[in-house]
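Have the sequence and the model open while reading.

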Amino acid sequence: MIMHWILAITNACNALKYVTRFSCDIFGFYVAFIYLQKGIQVLTRQGSEAPFYLSIVVALLVLVIGYLCGVIGTSPLFQHYIRVFIKDYGTPLTVIFLTGFVHIGKMREVSLSTLPTSKAFFPTLDRGWFIHFWDIRVGDVFIAIPFAILLTILFYFDHNVSSLIAQGTEFPLRKPAGFHWDIFLLGITTGVAGLLGIPFPNGLIPQAPFHTDSLCVTKVVADPNEEGANKGHVVTKVDHVVEQRVSNLAQGLLTLGTMSGPLLIVLHLIPQGVLAGLFFVMGVQALEGNGITLKILFLCKDRSLTPKSEPLKRIQRRLAIWVFIAIQLVGFGATFAITQTIAAVGFPIIILLLIPFRTFALPKWFTDEELRLLDAPTASPFTMISVGGNFGESLDDLDSPVVGRSGDETAVQSGGSDGMLVGDTAEESDEGAAERGEGPGAGMKRRESWRAEGRSGSTMEPEPPPTYISSPTPLHFLDCAILEPYLPQNRDSNESGAVYPHVTLTYAQSLDGQISLQPGAQTVLSGPETKAMTHYLRSRHAGIIVGAGTAKADNPGLNTRYSEDGINVVGFERQPRPFILDPSGSMGVGHTPKLFALAESGQGKPPCWIVTGSRVNEHMENRVRGVGGKVFEVGEYDIYREQGMDWGAVLRQMKTDGVESVMIEGGGQVIKDLLRRKNQMYISSVIVTIAPTYLGAGGVAVAPKRSAWTENEVSLRGIKWMPLGQDVVMAAFII
Ligand SMILES: NC(=O)C1=CN([C@@H]2O[C@H](COP(=O)(O)OP(=O)(O)OC[C@H]3O[C@@H](n4cnc5c(N)ncnc54)[C@H](OP(=O)(O)O)[C@@H]3O)[C@@H](O)[C@H]2O)C=CC1
Ligand SMILES: Nc1nc(O)c(N)c(N[C@@H]2O[C@H](COP(=O)(O)O)[C@@H](O)[C@H]2O)n1
């Protein structure tokens, strides 16, 4: 207990910043094999006659059915709620079913060993509840110290790495992590367990990836790599995680409950073969999602059928992948081997040594880019805030990466929101410029990214910190007269008695009608001139709306850097108020640090978060209100997203709040919803930038849902075209 507290007080968890997927995957692989080994061990204890064979059959049945339940959960089979039920409850129901199954027919005659249990609320040994520590000799206390140190290392590693894996980048978590606090609490539970003489509770729930996985709410969406052989495929996407404390508490109470007489009787009914099957399910599922397995599978795949977006495809030296996997397997082998010996308790030392090995030795054998693609931080910068961020990433890297127009390869973020760039950045939009026939000078200009003026450097170099706080580069734009009829006459007042604010729908699209390479990847489409125009448009509106998808993907500033004199940015009163449309309340404080920073430094207006009130995240609410922003609970939003947003309610609420003009920037889902026939009446004008580039199939398109009876889904009038730089701008009204 004392050692845990020392670790907590000295911020020892800060060392977690060096723990990457490299060692977590080895640890995860090791744990998976321990599960499998445990299952086999249980089976070998069932003798060699009928009980042994029946146990094997039962274990395999649990494995097959449990595994299939997981497969069904991520497939498009059945209705959503049936699928989710099967995924979440399939395995426990299988355990219950097979516990009864072995009593059917001839199987009833086979005597199977069941789970061993003891007396209710009584230690397994015949002793009192408390350890008589006052009877222990002082010498023995000192002898225990080296073992306590080993155990603390084990707990430090096991608990923290489990915690990191459970908060990995694949889970869109919104609530912050508390590593130091956790280790402090672990000290308390270790102390209490020590006094009671029971095994120390550690590592598993709530810090288990299985637990987080079971709390994920998923949706099945079209495969973003849908092309060629993938056409028509769907993938399961994690929408959000139900972050709460109820399941953790229930698990704790159940553990306590299993000490009660009735539950002990129930537990005692479970055949050991079923338990072995359960170990197999856990082992196989853990192996399946493990990075080592995924890399091995990548190497085994037919290259022509591997999606272009697969990050490992970008590694030139295939040998590097083989060597990386070989190193991981050696690390796993050494860890597994030591647990089979008397020195088993020392296994965390090997995993611990892998961390400096990764930090200092691997960069000597692999290039930076190879390591970026083969390895990654385990948790997102948001999760790692309390331990000082991931190694090599500044906390400013909460800013999300940008991809520019590039060649044929899409540049996407790897492993969710972990902040690791695996592809092109704005730098490579230079290539896009070349494709557009621009000279090097123009290319250099285009290289300046849409959202982070002044940022440069390739993905190989650490990026300089973002410049949005101290030095926003003003954007100068002169010729805007042609747009005048499409803009609100006065951004802050409307004498006409209109019920809704003036709504300008404005975005930039490619020639193939897409606004980004894929959801979650910010894509530079506007050139310097049209970008300046957008900032001018921002200065002409009292509010800007973007959807939660855009806010999460882009970490946008949503302020205006427009300058009339080419030197000074327009005043605060001409800044628009950002509105994030997040009907299901999926945003977390870590998603939009730039908005908050700009509001805090007076370079932008405080944001407003629009939710439907179903699930308000109080951290986000407090953060928004903390910078002077507001939270609007507006309208209804059906969970299947069929009806879309109640735009009338949103716009009325904005008007009531004094917002008389608003520009809606995107992203794809918001634009599509707004362009639906029933919502077109809210749009006052449309101003679209068209960039001379094709993004290629699979990006975020802006085509609204078609109503069967019309030829044109959206009919425009008063259309004007204006070439601006290399782009063209279309302004129009909707009929
Ligand atoms: N080129 C350009 O001009 C622009 C490009 N972009 C790009 O677009 C991409 C993001 O687009 P996308 O992923 O479609 O995300 P969106 O920004 O459209 O946000 C979609 C999410 O917002 C919520 N939402 C809010 N309002 C609505 C609505 N009316 N209808 C449906 N959903 C709504 C939904 O949340 P829930 O899932 O909880 O229901 C949905 O998941 C990014 O890559 C961004 O860079 C964005 C703006 C401009
Ligand atoms: N007009 C336009 N052109 C592009 O090429 C774009 N990528 C966007 N994106 C929109 O602008 C927001 C970023 O704004 P900040 O520079 O961070 O203020 C982004 O979130 C999209 O809404 N727009």
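Cys13 is buried, at a relative accessible area of 0%. Cys608 also counts as buried, at 1% relative accessibility. This is a predicted model, and its disulfide count comes to zero. The cut-off behind that count is a pair of cysteine sulfur atoms within 2.5 Å.

**The sheet**

Cys608 has a place in a strand pairing. The bridge partner of Phe579 is Cys608, in β11. Strand β10 (residues 577-581) and strand β11 (residues 608-611) run parallel and are joined by three bridges.

Both strands belong to an open sheet of nine. The order is β12-β11-β10-β8-β13-β5-β14-β17-β16, and the pairing is mixed. Which strands stand at the edges? They are β12 (630-633) and β16 (716-724). Each has a single partner strand, so one side of each is left without a neighbour in the sheet. From one strand to the next, the twist averages 20 degrees.

Strand β13 sits between β8 and β5 in that order. How many of the six residues of β13 (residues 661-666) are buried? Six of the six are, and the strand is mostly covered.

| Strand pair | Bridges | Residues opposite each other |
|---|---|---|
| β5 (residues 502-509) and β13 | four bridges, parallel | Thr504 and Met663 |
| β8 (residues 543-547) and β13 | four bridges, parallel | Ile545 and Ile664 |

**A loop arginine**

Arg676 lies in the loop between α23 (668-674) and β14 (685-690). Buried or exposed? Arg676 is buried, because its relative accessible area of 17% falls under the 20% cut-off. Setting aside residues up to four places away in sequence, Arg676 touches Glu642, Gln643, Gly644 and Pro704.

**Nonpolar cores**

The largest nonpolar core holds 71 residues. Phe27, Ile321 and Phe366 have the most contacts inside it. Helix α2 (residues 21-44) gives the largest share of this core, 11 residues. A second, separate core has 35 residues, including Leu651, Leu674, Val702 and Ala732.

What does Phe366 contact beyond its neighbours within four places in sequence? The list is Arg317, Ala320, Val323, Phe324, Ile327, Leu371 and Leu374.

**Annotated spans**

An unreviewed UniProt entry lists "transmembrane region" for residues 52-78, 138-157, 177-198, 319-338, 344-362 and 681-703. Two of these spans can be set against the model. Residues 177-198 are 82% helix and 0% strand. The end C-alpha atoms of that span are 28 Å apart. Residues 344-362 are 84% helix and 0% strand, with end C-alpha atoms 27 Å apart.

Ala193 lies in helix α6 (residues 179-196). Ala193 is buried, with a relative accessible area of 3%. Neighbours within four places aside, Ala193 is in contact with Ile198, Pro199, Phe200 and Pro201. How far apart in space are Ala193 and Phe130, C-alpha to C-alpha? The separation is 9.7 Å, although 63 residues part them in sequence.

Key
Residues are numbered from 1 along each chain as its sequence is written. Chains are lettered from A and ligands numbered from 1 in the order in which they are written. This is a predicted model: local features need pLDDT of at least 70, side-chain atom pairs count only at pLDDT 80 or more; totals for chains, interfaces and linings use all residues. Side-chain values use heavy atoms; hydrogens and water are left out. Helices (H or I, at least four residues) and strands (E, at least two) are DSSP runs, numbered from the N terminus. Buried means under 20% relative accessible area, exposed over 50%, partly exposed in between (1.4 Å probe, protein chains only). Contact means heavy atoms within 4.5 Å. Two strands pair if DSSP finds at least two bridges between them. A nonpolar core is a set of buried Ala, Val, Leu, Ile, Met, Phe, Trp, Tyr and Cys residues joined through side-chain atoms within 4.5 Å. UniProt positions are given in the numbering used here, feature names are shortened, and annotations may be inferred rather than shown by experiment. Axes are lines fitted to C-alpha atoms, for helices over the stretch in contact, and angles run from 0 to 180 degrees between N-to-C directions.
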